[in-house]
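This report walks through selected local features of one protein model. The sequence and structure come before the details.

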Amino acid sequence: MKTLRSYEKNIAKIGLFLLIAAFTSCNALKRVEEDELLLTKTNIFVNSEKIKSEDIQSLVLQEPNSTLLGYPLRLNLYNLAKKDPDSSFQAWLYRKENREKRLVNILSQKQVNRLGESFLVKGYSDWLKKIGEPPSIIDTLKAKKSLQRLSVYYGSKGYFNNTTSYEIDSTKKKQRAEINYKIALGKPFIVDSITRNITSLAIDSIYIRNEDKSLIKNSKQFDLADFNNERKRLSELFRNTGVYNFQESSIAYNILRDTMRVNDDQKMSVELNIGDLRKRGDSIITTSEYKVFRLDKINIYPDYALNEDKSDLKSVEYDNYTIYYKDKLRYKPKALADAIFLEKDSLYRDIDKIRTYRRITNLNTFKYPNILFTEDSTQSKLTADIFLATRPKFSWAFDFDITHSNIKSLGIGFSTALISRNIFRGAETLSLSVGGTFGLLSDETSTENFFSETGADVNITFPRIWFPFFNWKKIIPSYKLPQSRISVGTSFQKNIGLDKQTFNTILGYNWATDRFNKNNVELLNIQFVNNLNPDRFYNVYQSTFERLNDIAVDYADDPTLQDFYIMPEPPDGPVLIIPEGTTGFTNAILNVDVPSTPEDFEDVASIEERRIRLTENNLIFATNYTFNKNNRTNINDNDFYSFRFKVESAGGLLSGISNLIEFDKNENGDRTVFGVPFSQYIKTEFDYIKHWDLSRSNVLAFRSFFGIAIPYGNSNSVPFVRSYFGGGSNDNRAWYPYSLGPGSTDNINDFNEANMKIALNLEYRFPIVGNFKGAIFADAGNIWNVWDNVQDPAAVFQGFESLSELALGTGMGVRYDFTYFVFRLDMGFKTHNPAELPGQRWFRDYNFANAVLQIGINYPF
């Protein structure tokens with residue numbers, strides 16, 4: 001164990017040494033020879049105008065060394081490595097007489113040889129070279145090739161007569177230079193006329209009907225991208241109008257320049273050529289005219305096994321589909337037909353095949369399908385064979401994790417789920433999950449040190465919109481991948497907070513308008529929160545208790561309140577007994593049984609209002625709609641945006657029913673269901689995220705969020721589980737969760753929350769070394785109360801003037817990319833703290849002593 005600690009200390013020292021050495025070893029020219037120049041910058045000038053486009057910059061083959069906030073960290077790490085570690089070791093070994101002999105006597109000749117190959121000698125230098133970056137020495141051959149690439153690029157834009165050159169500017173600093181690439185474009189070439197030569201009558205007819213949509217037009221500047229995109233457009237057009245076997249390679253363009261024109265030599269003629277279908281045989285290539293095909297037979301093979309004998313299969317006809325099966329058909333024919341978009345007697349369309357693939361895969365019942373098409377003898381009709389391989393009927397998953405937080409000293413969690421597919425023969429999926437977390441508490445708010453959280457859920461997913469007596473196919477067709485979900489769940493907390501017991505029921509629908517737009521509707525979202533131990537309120541919310549106890553100290557001498565205190569020995573003052581003393585003192589003040597100052601009465605009333613709201617049981621009967629738009633094309637796309645909009649209404653249905661059926665009421669006049677007042681509010685949220693790919697894995701990320709929940713009718717506040725909080729690893733990182741706001745209040749509660757939130761985040765992300773990434777961020781935002789029962793002006797949003805209470809946290813972070821997830825460590829500093837007095841809010845706690853360390857998984861936005 002001692003050796004392990006010593007090893008860890010040495011590793012830390014080595015890391016610190018490398019960091020200090022890299023920053024102090026500023027000789028970037030260490031590996032640059034006298035006749036070489038270190039490349040510091042590349043500039044591209046087109047017609048004397050500097051070009052900043054990253055796409056054009058990427059055409060240059062040689063780039064300067066990467067920097068970390070302007071500092072060439074990787075270059076200096078590379079320079080720390082021994083140039084020839086083997087020779088250095090040999091020189092050291094023989095520098096003193098008999099050194100090798102002494103080492104051999106202690107170790108052995110073989111071990112001495114291995115020492116020269118060890119990490120400390122050779123491996124250390126190899127590691128530095130691996131994580132570092134060699135100096136970018138100017139290479140004139142690469143500069144010339146870069147010019148060729150730039151010339152070809154601008155030639156593809158119609159500037160065929162462009163001229164290029166480069167110059168090396170080494171006047172600014174010793175042995176350092178910039179390369180300036182210069183391009184003179186000249187006059188662009190223009191499309192003057194377009195003709196066509198199409199051998200297939202079917203193809204020619206389709207082209208003529210859609211000629212007006214062509215991307216290549218007369219009097220338009222030549223652009224090779226237009227020709228490539230037009231080839232793709234035509235291929236998609238033909239393959240979606242019956243020509244199932246069309247080959248994009250059949251499309252070719254002849255571009256001719258009219259040499260007879262002397263005064264107008266920038267005009268060009270374009271000829272579109274579309275040849276016949278080419279088929280490669282055993283020894284020869286044959287051609288045939290493209291034709292339009294219609295679908296004749298559509299055969300579906302569920303439970304199909306590879307190389308299975310089809311003659312043993314039974315069949316059933318359903319809605320122009322023939323379904324083949326072996327012993328028993330496990331699926332309802334309608335469920336299979338709904339997943340197929342190929343229709344008998346219709347023109348073949350590629351989009352129908354793609355939608356069929358997506359729909360079948362989305363069912364989560366079959367593996368990726370295989371669809372084969374066979375031509376008949378007339379070469380005008382197709383037979384489609386759809387082969388489906390089923391997933392296992394049952395599958396089981398198990399997860400295990402370890403948690404730690406400011407409440408949980410140590411938590412061991414697990415969850416297990418049993419999935420059953422095709423439970424009603426309609427490709428439905430049933431999921432039964434059970435999970436829990438058990439461990440030790442890190443606070444002293446409980447008489448016990450052990451906590452537990454357990455829960456169970458039942459989910460059924462239907463691959464369609466399930467809604468009785470209404471045909472949703474006309475509004476949400478099957479190719480939009482509709483799903484219905486019914487979920488019932490419960491969870492229990494033991495020795496955490498007020499020991500909540502929660503029941504959830506959801507009836508929801510989701511569908512995708514296209515690959516970028518998704519919709520989700522929860523027609524019913526019912527949640528019942530039952531606080532099992534409300535008397536523990538002041539044990540859990542210690543800050544609130546301290547506020548109440550500070551007031552109660554001044555009334556400890558009142559004889560009518562003597563039974564409410566514990567009287568410890570000085571210097572400790574009297575302490576209210578929980579819960580008898582806190583309840584008795586609060587009632588005595590609010591019922592005016594004991595005279596109090598107006599300020600004390602108001603503070604006690606505010607504390608009691610908060611206690612009632614956080615300890616009362618909640619019944620939330622809500623409906624919500626969420627729209628998500630995300631134009632990110634893949635996981636490597638760092639230039640995208642996403643937008644989320646959500647609106648939720650709670651209590652409206654129950655309020656309407658109460659006009660027809662008389663509900664019970666509590667002492668406050670609130671209507672109740674089974675003795676619990678139902679919540680009534682309307683809530684809306686806007687969340688916008690934008691990422692800019694700056695260059696070389698440098699990303700600028702921005703997020704803006706606005707949310708508000710307005711209580712009305714049966715409620716004068718929003719339930720705690722539907723309110724907003726500020727702070728945390730994914731919010732304002734200079735504050736811990738629930739510690740920011742509301743407004744300019746001074747963190748008076750343990751869990752600060754409100755019904756309105758504004759958040760703005762800006763983060764610059766950059767690579768450091770290898771899988772290590774860095775970030776600099778600024779987080780602004782706050783929460784406020786608005787149109788509810790909170791009266792404290794410091795916590796209430798008063799209009800635009802309250803925007804001066806936006807908190808600002810700035811900081812830095814380091815991340816390690818594990819490919820499948822990112823581990824994140826961020827340090828935030830309170831830059832503008834609205835809880836401070838006006839005039840003292842900026843940089844008051846801007847130091848490491850008051851910094852907040854946040855740990856997170858994956859990026860915050």
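Asn 858 lies in the segment that follows strand E35 (852-857). The model is a predicted one. Although Asn 858 is not a glycine, its phi is positive, at about 70°. Its relative accessibility is 34%, so Asn 858 counts as partly exposed, the class between under 20% and over 50%.

**Backbone features in loops**

Tyr 738 is another residue other than glycine with a positive phi, in this case near 70°. Tyr 738 is found in the loop between E30 and E31. With a relative accessibility of 23%, Tyr 738 counts as partly exposed. The loop between strand E30 (698-711) and strand E31 (756-769) is also the place of Pro 742. The peptide bond that joins Gly 741 and Pro 742 is cis. A cis peptide bond also leads from Ile 578 to Pro 579, and Pro 579 is found in the loop between E23 and H15. The two cis bonds are listed below.

| Cis peptide bond | Omega |
|---|---|
| Ile 578 to Pro 579 | near 5° |
| Gly 741 to Pro 742 | about -5° |

Helix H15 covers residues 580-590. Which residues of H15 are buried? They are Gly 581, Thr 582, Gly 584, Phe 585, Thr 586, Ala 588 and Ile 589. These buried residues pack against helix H13 (537-540), helix H14 (542-552) and helix H16 (598-615). They also pack against two strands, E22 (565-566) and E23 (575-576). Just after H15, Val 592 takes a positive phi of about 60°.

The axes of H14 and H15 come within 11 Å and cross at roughly 60°. H14 and H15 are therefore oblique to each other. Their crossing is left-handed. On the H14 side, Phe 545, Leu 548, Ile 551 and Ala 552 take part in the contact, and they meet Thr 582, Phe 585 and Thr 586 in H15. By class, this contact of H14 with H15 has five nonpolar residues, two polar residues and no charged residues.

**The sheet of E1 to E4**

Four strands form an open sheet with mixed pairing, in the order E2-E1-E4-E3. Strand E2 (49-50) and strand E3 (163-173) stand at the edges, and each has a single partner strand, so one side of each is left without a neighbour in the sheet. E3 pairs with strand E4 (residues 176-184) in the antiparallel sense, over eight bridges. Tyr 166 stands opposite Tyr 181 in E4. Helix H8 (residues 140-156) lies across strand E1 (38-46), E3 and E4. H8 runs at about 135° to E3.

**Strands E24, E25 and E29**

Strand E24 (residues 618-630) and strand E25 (residues 640-650) run antiparallel and are joined by nine bridges. The bridge partner of Tyr 625 is Val 647 in E25. How many bridges pair E25 with strand E29 (residues 681-695)? There are 11, and the pairing is antiparallel. Lys 646 stands opposite Glu 685 in E29.

Notes
Residues numbered from 1 in each chain as written. Predicted model: local features only at pLDDT ≥ 70, side-chain atom pairs only at ≥ 80, totals over all residues. Heavy atoms only, no water. Buried < 20%, exposed > 50% of the residue type's maximum accessible area, 1.4 Å probe, protein only. Contact = heavy atoms within 4.5 Å. Pairing = 2+ DSSP bridges. Axes fitted to C-alpha atoms, helices over the stretch in contact; angles between N-to-C directions. Parallel < 35°, antiparallel > 145°, perpendicular 65-115°, else oblique. Left-handed = near helix turned anticlockwise from the far one by under 90°. Nonpolar A, V, L, I, M, F, W, Y, C, P; charged D, E, K, R; others polar.
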